[in-house]
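Student: Could we go through this one together? I'd like to start with a single side chain and then move to the rings.

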Amino acid sequence: MLKEYPHEVLAAQPIGAWTGEVYRRVVGGLREQLAVEGLTQPHWWTLNHAAGAPGHWTRAALVERLARYEDLGLDFDAVFDDLAARGWLLEDATTGGMSLTEQGEAARLRARERNHRVLRRAQEGVDEAEFVTAVNVLRRITANMGGDGDLPA
C-alpha cells in the first residue's frame, strides 16, 4: 500500500521527476521484455505498423513517423534489415511497402503479450478513470510545454 500524503504536499511534487521515474520504469520494463525476443522498441513499432497497414509503410515513411520516439540512437535501416533477415518482414520490390510474414505476426503477438504484462503491472491499483485522468493531465502538460498533446494518429 502506498503511503498517504496531504494534498498540499502532493501538489508541490516535481512533475518532471515523477514523469521521468515512470518513463524509466515502464519503458525499461517494456525494453526488458522485448529483449527476451531479441527486439528493441523500433523493432516492435515496425512490426505493429507493418501489421496494421500491410504494404503501406515504406522505410522512409516509417522512419519519419517513428524517429521522434527513438531515444537510443538506433539505426532504423538496421532494424528493418534485421526483421527481414529473420524472415519476419517483407518489402515489396516495387513500392517498398512492408508487410509481415506469418513468422513475423507470430513474433509480434508474443511481444505484444509480453508488453501487456508490463502494462498490466504498471496499472495495478489504478482504475480506468484515474488512468484516463492521468493521461489527460500529461497531455495538457505536454501541450503547455509546447509539445503535441494529441494522441498519435
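Student: Is Arg114 buried or exposed?

Tutor: Arg114 counts as buried because its relative accessibility is 18%, where buried means under 20% relative accessible area, exposed over 50% and partly exposed in between, with a 1.4 Å probe and protein chains only. This is a predicted model, in which local features need pLDDT of at least 70, side-chain atom pairs count only at pLDDT 80 or more, and totals for chains, interfaces and linings use all residues. Residues are numbered from 1 along each chain as its sequence is written, and side-chain values use heavy atoms, with hydrogens and water left out.

Student: And which residues does Arg114 touch?

Tutor: Leaving aside residues up to four places away in sequence, Arg114 touches Gln33, Val36 and Glu37, contact being heavy atoms within 4.5 Å.

Student: Switching to rings, how many aromatic pairs are there?

Tutor: A search of the whole structure gives two, counting rings of Phe, Tyr and Trp (its six-membered ring) whose centres lie within 6.5 Å, with planes under 30 degrees apart called stacked, over 60 edge-to-face and the rest tilted. The Trp45 and Tyr69 rings have centres 6.3 Å apart and planes at 65°, so this pair is edge-to-face.

Student: What about Phe76 and Phe80?

Tutor: Their ring centres are 6.1 Å apart and the planes are at 40°, so that pair is tilted. Phe76 is buried at a relative accessible area of 7%, and Phe80 also counts as buried, at 0% relative accessibility.
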